[in-house]
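User: I would like to learn how to read a protein structure, one feature at a time. Could you walk me through this one?

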Amino acid sequence: MTAWSLSPFLFCFMHNSPMTELTDLLACPRCDKTPLESSDEVLHCKACKVDFPLLEGMPWLFAEPQATLGEWRGRLQFALQKIGHEIDGLEAELKAKNIGALAKRRVERYKKCLDSHKRSLQTLLRPIDVSGLQGNVESYLALRTRLPTDQGLNTYYANVHRDWAWGDAENEASLKQIRAVLHDHAELGKVLVLGAGAGRLAYDVHSELNCETTIASDFNPLLMLVARAVSSGKQLNLYEFPIAPLALEDDAVLRKLAAPEPTDENFHLVFADALRPPFPDESFDTVITPWLIDIITEDLPVLAARINSLLVQNGRWINFGSLAFSDPKRTRCYSPEETKAIVAESGFSDPYVSQATIPYMCSPASRHGRQERVFSFSAYKERAVEKPQRYKALPDWIVTGKEPVPLTQSFRQQAMTTQIYSFIMSLIDGKRSIKDMAAVLESQKLMTRDEAEAAVRSFMTKMYDDAQKQSGF
């Protein structure tokens, strides 16, 4: 079976099941047309004439599927290359003559574990390592989509161990909060989990609550491939790398990742961007957003309207997670009171809220771990609101290239900083000292000598620190 092929079970299911078939709950992320045509290898939009591949049976529903896959493939290659550089660095460390016996044992073991981890990742991520599919910037520009620069394959990697290895207490506490905002014997119907991550909460909701169908959606291939494997009954062996290990051999711990039992045929995983959800309007009875609303780049009122459009009348929005908004605009870092008001103003009932302190990422092999005060709510869709336009990740002046680039204050500061740093870098010739460089800056009337010496020293310190960090890649 090729990396694009559809599992025989899912192929049969998609062609033979009644109203709950997966394709009835999918739409084109480019034009919103539905239904998508299904074959044994792809989903196809007749309107856009675009094929959306399937990875391990999971639809890859990004607006520009080839460009997105090409970028993730590049990030995979970078992640593996970074591990390779780290292994090389460990080999160099082990050649030191003054290394202690315990340190040598620890580093040798860690190097061996890291090498095994690299091979495991290569195997697990093989479905996205497809030759011939190359992303290009023009594709993203045309559709104004792009992957977040801060999201890599290893982003939230620690969560897979919490979800499927040691996190029973945390997983139970999370499900308890979902129950806390539901009425007794509530029927969730057709459920969509946006930003499902490694999938454990979606799995628990589907297994423990009354769900007709559950779709768990995320855009991170590593998390989704793990979720696919374990939820189907497989066991994965992956290393956990705690950043604050408890003991000598806790810096790399081989974990067995497994689900309590395989899910049924009504549990589905879909690769997608929560900001361009590939689902028809009014197709879900319940939408769940775990640990999402405060980290997504879209303003909460717009996201709330987008969720409203996905729900049937009287459908339910359930939120779970933190409210640690980190938007650069202070006005968009909402308080609990503002969050409730925004939800109610977006066509929903007044949210029923539950707040509780639960453990968060408390690995048994780590000294880190914290208690998190989570904010959960449930609200019913009382009325439809105007559906937001498709999310645009890029402004017109980048897309068209015809409009003036705005001279914002941040651009102005960055330009000045870049010019100064570039000039300082040009002075590095292996002969000049920091004091010599400061004298040049003074002669160019850029700074006084005292100011210049402090600035150059600060810059060189940063360059040195960055070089030290990179040497461990």
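Analyst: Gladly; we will go from the overall build to single contacts. Please keep in mind that this is a predicted model.

User: How many helices and strands are there in the protein?

Analyst: The protein has 14 helices and 13 strands. Its radius of gyration is 25 Å, close to the 23 Å that the globule rule gives for 473 residues, so the protein is as compact as a globular protein of that length. The C-alpha trace spans about 75 × 60 × 50 Å along its principal axes.

User: And what share of the residues of the protein count as buried?

Analyst: Of the 473 residues, 49% count as buried. A residue is called buried when its relative accessible area is under 20%, and exposed when that value is over 50%.

User: Let's turn to charges. How should I read a salt bridge?

Analyst: Side chains of opposite charge can pair when their charged atoms come close. A search of the whole structure turns up 26 salt bridges. In one of them, the side chains of Arg390 and Asp32 meet at 3.3 Å, N to O. Arg390 lies in the loop between strand S13 (370-380) and H11, and Asp32 in the loop between H1 and S1, so this pair ties together parts that are 358 residues apart in sequence.

User: What about a salt bridge within one helix?

Analyst: Take Asp115 and Arg119, whose closest N and O atoms are 2.4 Å apart in a salt bridge. These two residues are separated by about one helical turn because they sit four residues apart in helix H3 (residues 101-124). Asp115 is partly exposed at 32% relative accessibility, and Arg119 is partly exposed at 46%.

User: Which parts does the salt bridge of Arg332 and Asp299 tie together?

Analyst: The side chains of Arg332 and Asp299 meet at 3.4 Å, N to O. Arg332 lies in the loop between strand S11 (311-320) and helix H10 (336-345), while Asp299 lies in the loop between S10 and helix H9 (300-310), so the bridge ties together parts that are 33 residues apart in sequence. Asp299 counts as buried, at 19% relative accessibility. Salt bridges can also share partners: in this way Asp32, Asp281, Lys387 and Arg390 are joined into one network.

User: Now the rings. How many aromatic pairs are found?

Analyst: The whole structure holds 14 aromatic pairs. To read a pair, look at the distance between the ring centres and the angle between the planes. Trp60 and Phe271 form a tilted pair, with 4.9 Å from centre to centre and 50 degrees between the planes. Their pair links distant parts of the chain, 211 residues apart: Trp60 is in the loop between strand S4 (58-59) and helix H2 (65-94), and Phe271 is in strand S9 (residues 267-271). Trp60 counts as buried at 0% relative accessibility, and Phe271 counts as buried at 0% too.

User: What should I look for in the backbone?

Analyst: Look at the torsion angles. Thr34 and Pro35 are joined by a cis peptide bond, with omega about 0 degrees, and Pro35 lies in the loop between helix H1 (8-16) and strand S1 (37-38). Tyr156 has a positive phi of about 70 degrees although it is not a glycine; Tyr156 is in the loop between helix H4 (137-143) and helix H5 (157-166). Glu282, also not a glycine, has a positive phi near 50 degrees and is found in the loop between S9 and strand S10 (284-290).

User: Last one: which residues make the nonpolar surface patch of about 290 Å²?

Analyst: Val405, Leu407 and Phe411 make that patch. Leu407 lies in the loop between helix H11 (396-399) and helix H12 (409-426), and Leu407 is exposed, with a relative accessible area of 59%.

Key:
Residues numbered from 1 in each chain as written. Predicted model: local features only at pLDDT ≥ 70, side-chain atom pairs only at ≥ 80, totals over all residues. Heavy atoms only, no water. Patch = residues over 30% accessible without salt bridge, like charges linked within 9 Å, V, L, I, M, F, W, Y side chains within 5 Å. Areas by Shrake-Rupley, 256 points an atom, 1.4 Å probe, with all protein chains shown as cover. Salt bridge = Lys/Arg side-chain N within 4 Å of Asp/Glu carboxyl O. Buried < 20%, exposed > 50% of the residue type's maximum accessible area, 1.4 Å probe, protein only. Phe/Tyr/Trp six-rings, centres within 6.5 Å; stacked < 30°, edge-to-face > 60°. Rg over C-alpha atoms; globule rule 2.2 N^0.38 Å.
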